[in-house]
Every structure is written in structure tokens, then in C-alpha cells.
Amino acid sequence: MPLTRSLSMGSLSGLPLWDQEELPVEDLLLFEVAWEVTNKVGGIYTVIQTKAKITVDEWGENFFMIGPYYEHNFKTQVEQCDPPNAAIKAALESIKNNGCQVHFGRWLIEGTPYVILFDIGAAAWNLDRWKGDLWNTCSIGLPYHDREANDSLILGSLVAWFFKELTDQLQDKPNVIAHFHEWQTGVGLVLIRSRKLPMATVFTTHATLLGRYLCAGNADFYNNLDKFDIDREAGERQIYHRYCLERAAVHCSHVFTTVSQITAVEADHMLHRQPDVVTPNGLNVKKFSAMHEFQNLHSMNKLKIQEFVRGHFYGHLDFSLEKTLFFFIAGRYEFSNKGADVFLEALSRLNYLLRVHKSDVTVVVFFIMPAKTNNFNVESLKGQAVRKQLWDTAQSVKEKFGKRLYEALLRGEIPDMNKILDRDDFTIMKRAIYATQRHTLPPVTTHNMLDDSTDPILSNVRRIGLFNSRSDRVKIVFHPEFLSSTSPLLPMDYEEFIRGCHLGVFPSYYEPWGYTPGECTVMGIPSVTTNLSGFGCFMEEHISDPSAYGIYIVDRRFRSAEDSCNQLTQFMFSFCQQSRRQRIIQRNRTERLSDLLDWRYLARFYIHARHLALCRAFPERFKMDSLAPPPNQGFRYPRPPSVPPSPSASLHSTPHHSDTEDEDDHEPYDEDEEAERDRLNIKAPFTLGAVPEGKKKQPSDYGN
């Protein structure tokens, strides 16, 4: 079959080369099974969508994705076509001939991978029979009222049926690898192993099922990992059957992987199996890369946010936008898991520090978390209308002024500035000024909330008293809806918004990976994360001093909540003390880390997992010289072309505004020396494989 091997896994400049023997992909078929294939319902969608390009580059037409069929998604995202493989075509025809519906085509994303989508509704008539099969196979029963578990059983049974037909057609050549994501697809893996199909299987958990439930219930999760009665906890939350499916899939798979070291520790306790490989989540950095222009993009998009702020805070715009910093938090509305509780408390303390130090820096903080709303807040819409009206008035007066000035100069006269504008012009301007008066404070939220009185963010805003008053140096804007370039309030998409902000703050308590700080990093925007997020652990293990690169890691694992909150406050206060030039230097350093998060580098861990699965499933055909990854090497990190001659990045002892930088200050600066210092500051990558038993980091191990 034709393959399009357009990329070497060691092609990224400055990162360690991959010297593991490549798999004979011409003699293999790779299938990736996930509920999120063509179905945007969570972070796993980002994983499989962004990873598709690098996988297609490696596997060509021997790579297929499997997921559920949704008519709307299929019509808008998939180009229908015939399977290129005769065995796959025959297997799908067999399923169709037995009364089930299956669709095949190319997913119209980067890489255009083949997708196989099973119609769950059309196969639901088999549900009772398949429940019996599952019970007879592994003694797991599913309640009739759990729609998600029942749908997972239908999809898993269809997947196992497909692989049975396929392996019968192939007769062991080529060999098949199936990679399953999350418990919703785990039924298929369990059935495949119980039926002894000749396949290599990989199972990835992106977050343990019980871990999410326990953290959502405000349990002291990480300090009690070894104390939980897992079966009882799952039973009390009425998810015991789901937990059983997840645990069965973990123990049936040839290779078990998870996305971060912190989740590996969690999986060891919750699922009783140490992951064989840690497979960090990456991004398609090419999509976000703006090369030399990322600093310009920051400035351009910052202007758009400033326009929104002018309208939202009309009548109270007594702070300089040139001395205003934009912070944001974004993601699912999980108040405690995402760290919004700690963030709000830290903002209250930051507001106090800025006021005590009489700082003229203002911080506008955006909460981008979707919640139930009625529609836009009338006051928010009015603010943007007032801003636009004021702009139109200024433009009209400017045109009159310019025309009269031009005519006077043509006559060779210096115009009398007292006469160049007539009384009507002054009247128009006065009316515009009066229109900007308001007798209420700028709204905290941009929408009408359905549960205003019980909403966690608004309730805590009331508690800490941050109501956007004139004396507050920290202003809050809660935007309970995903961003859109068609919005009448803040017409920006998410990428533009990130680029326009100064700092992303994500102090999560439970975050198996955390794409939001990763997206900030590849766009050169500093961010705050924690050592309880996969991203934070990844950066901590790769970089000696993450904060020098704009990655601030809050210790929420070994410090108390009070100490963590104080640490977050200090990070934000220190950031506010930086000059404009220091922030530019820091953004350059942050952007320098983007290659670490590129799938062209991180996909190697998936390659390792597949190779390991083949060795365990077919030991007579596939062997590895060593089950360990290649020897660790220090990173020789590329120096970004955008780094300008700069001052040292030392912080001032007291806050000062960004426009007071001494432009004549030319400190000695050696770019080669700076790049060498950065190279030495980057550590070797973490070790793949199981988490060493008994090893536990101490608080002193963290450089925060």
C-alpha cells in the first residue's frame, strides 16, 4: 500500500534523536478507537485530532480511526469513500449484511485520516444480547438507566465484531494494532482479549474515572491515594460498573499508558496497574507557530481586547490601558478541579498588594468558562454600543478638523485653533461625553446567569468584594460562553484571545494533562500551572527553572492550600512588577519551549508503546533490543530568531509601569551565551515506564 513518510521523528532541531528501530508499517494495520473521533466533546478530541497528521505521515493508508456515528458530524466533517483495504471492506460489508450500519470516509482535518464510524442507534436492538455476552465474559452487569455505559457497550461490541471479521480475513498478515482511549471504548478491548483475537492492544487512560469523581467532591485526593476503599467509593457514586469496565480494560491490554507522571501515580492506586509508558499530550505546533510575528500578533490582538475593555468599563475607565495587564483562565466549569477557587482568593490578595504599593498597574482578569445563561447582559451590550458611538463621533469631528486644517494650510494660513471647530462640534463632543456617564459599577459578568445566586464564581466574587470599583486594581470579567469571532461583545476566537493576553492562570487541583497552558506556551504567552497537572510535571522534569521561561508552577501537592494561594499571589504580583521589555524577553523564552510540545517529538512515546505491544502480543515476530527508551540526552535547545538584545530579566523591588523603561539602556548581551545558558537549563526527558515504587518527591525538590 502507498505510504507517505514525509517526516523523520528526529527532525526537530536541537531535540534528542530517536534511535529506536522503526516498525515495518507496510506489514501492519493501526487502528485508534475513541469516542471523540469526529465528535468534539472533550480534551481527548484535541489529542486525536492534532496527533492525526503525524500518525498519517508515519503510517500512510495503514492507519484508521474508529468512533461512533453522528449524522451531523459525518455530513460536515467526513468525505465518504470506499475502504482502500479489501479485508476491511469485506469486514464492514459483513456487519452491514447483519443489520447494523457503519460508515467509512476521510476525516477532513490535517492529515485526512480514514475513519470507521459505527451507528450506535441502528445497532441498539442487540443491546440485551450483548449485555448477556458481557456478563458471561467478565461478570460485569450494566444498569438499564445508564445511557452512556449502554452506548459504550454497543460501540465496544461492534468494534470487537469488526476486528473478529477483519482478523479472519487477514489470517495473521498483516498484524493489527488497536489503540483504545478511555473507558468508553474499553468494552471492545475486553471482548477482543476474551475472544483471543490475534491483535496487539494498547489502552490509554487520560484521567481515571474515580479520580475525577473524588476530586469533584472536594476529597483530599493526593494525600489519601493509598487510603481509599476503591470499590466502596465507586459503589457510593453509582459508577461501580463503569469502574469495572475501566479496570478490566487496563488489565486486559498488552500495554497500558497514561498521559502524565501524576496520572501514572493515580492509576497505580485507582486501577492497580502501573502504566508501561507515559505518553504526554502534544500539539501541532506548526498550526500555532507564527515564526517572527508572534510578538506582533500579541500586540494586534491586545488592541482588540483593549477595545472590549473600553466599552465594558465605560464611565469607569480611569486607568491607563497602556499599564493594564490581561490575565485569563479557561476550560470546563469545574470550579475546584480547575483551581478557580484558589485563583479568586489569590486575586483578592493581589488586589490588596497592588493597592498597598500604590501601583498604577491594573489587572483585568477574564474567566472563560461556559455556564448556563439566558443571553448577553444588557449593560454589557450597551457598553460596546456607547464605545462605538463615541468612536464614530470622534471620527466625524476628526474629519471636519482635518478638512478645515487642510484648507487653511492651502491658503498659507496658520489656523486659529479656537475657531477651527464651531459650536456644533463642541456640542456633539459634550453629548458624547455625557453619554459615557454611568451610575452603576461595570458588570462582573457579560451574560445573564440562570443561577446567579448559587453560581460558584459569582458567589466567591461577592465574598472577596471584587466588584470592579474604581479603587480596585484587579477587575473581573466573567464570560460564561466559549469565545467566537462572531460575538457582538468580544469578537475574537480563542487563539486570538490567548495571543492578546499577558498571562494564562490555570492553578488546577485535578488536571491529568492540561492543554490550556500548553496552548499558551506554543503561542509565546507565559502561564501558571501546578505540580498536580500533567503539563506542570512535564515542564518541571524538563526544565531546571521553569519560571525563567514563563512557566510558573504552583506547588499544590506538598503545600497547604493557604501556602499555595500565597505562592500564586506572589507569582502574579511579580509578573505585575515586570517592565514591558522584560515581558517581551519572557515571551521569547516561553515560545522557545514550543518544540517540547510538538507531536513531532512527543509522538515517539506512542511509537514506543505500539512497538512494546507488538513484542508482547507476537514475541516470535517482534523483538526490542531493550524495553527501555533510548538513552536520555540533554536538550540542545534552538535559539528563537525573535530574541532581541535585551536587559537582564531581574525583577525590580517595587512595582512600576511598563512604559517607563529606559530606552537608552543597552546592557551587555551575548546571544550565544544566552542560548548556551538556556540549553544547559533544559533537563533530559523523564524516564518512560512504570513509576518507581516507593519513590516520592519531597517539597524541597520543587524550585518554587
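## Helices H13 and H20

Angles between axes run from 0 to 180 degrees between N-to-C directions, and the axes themselves are lines fitted to C-alpha atoms. In this predicted model, helix H13 (residues 340-356) and helix H20 (residues 561-577) have axes that come within 9 Å and cross at roughly 50 degrees. That angle makes H13 oblique to H20. The crossing in which H13 passes H20 is right-handed.

On the H13 side, the residues that meet H20 are Val342, Phe343, Glu345, Ala346, Leu347, Arg349, Leu350, Leu353 and Leu354. Their counterparts in H20 are Glu562, Cys565, Asn566, Leu568, Thr569, Met572, Phe573 and Cys576. Sorted by class, this contact has 12 nonpolar, two polar and three charged residues.

## The six-stranded sheet

Six strands form an open sheet with parallel pairing, in the order E14-E11-E10-E15-E16-E17. Strand E14 (474-479) and strand E17 (551-554) stand at the edges; each has a single partner strand, so one side of each is left without a neighbour in the sheet. On average, and with direction ignored, neighbouring strands are turned by 25 degrees against each other.

Within the sheet, strand E10 (residues 324-330) and strand E11 (residues 362-368) pair in the parallel sense over seven bridges. Alanine 330 has isoleucine 368 of E11 as its bridge partner. Helix H20 packs on this sheet, where it touches E10, E11, strand E15 (503-505), strand E16 (527-530) and E17. The direction of H20 makes about 160 degrees with that of E17.

## Helix H10

Helix H10 (residues 261-270) is largely enclosed by the rest of the structure, because eight of its 10 residues are buried. The buried residues are Gln261, Ile262, Thr263, Ala264, Val265, Glu266, Ala267 and Met270.

These buried residues pack against several helices: H7 (209-216), H8 (230-236), H9 (240-252) and H19 (534-542). They also pack against strand E8 (255-258) and strand E9 (277-278). After H10 comes histidine 272, with a positive phi near 60 degrees.

## Threonine 208

Threonine 208 lies in the loop between strand E7 (199-205) and helix H7. Its relative accessible area is 1%, so threonine 208 is buried; the cut-off for buried is under 20%.

Leaving aside residues up to four places away in sequence, threonine 208 touches Glu246, Glu266, Ala267, Met270, Leu271 and Tyr510. Among them, Glu266, Ala267 and Met270 are also buried residues of H10.

Methods: Residues numbered from 1 in each chain as written. Predicted model: local features only at pLDDT ≥ 70, side-chain atom pairs only at ≥ 80, totals over all residues. Heavy atoms only, no water. Helix = DSSP H or I, 4+ residues; strand = E, 2+ residues; numbered from the N terminus. Parallel < 35°, antiparallel > 145°, perpendicular 65-115°, else oblique. Left-handed = near helix turned anticlockwise from the far one by under 90°. Contact = heavy atoms within 4.5 Å. Nonpolar A, V, L, I, M, F, W, Y, C, P; charged D, E, K, R; others polar. Buried < 20%, exposed > 50% of the residue type's maximum accessible area, 1.4 Å probe, protein only. Pairing = 2+ DSSP bridges.
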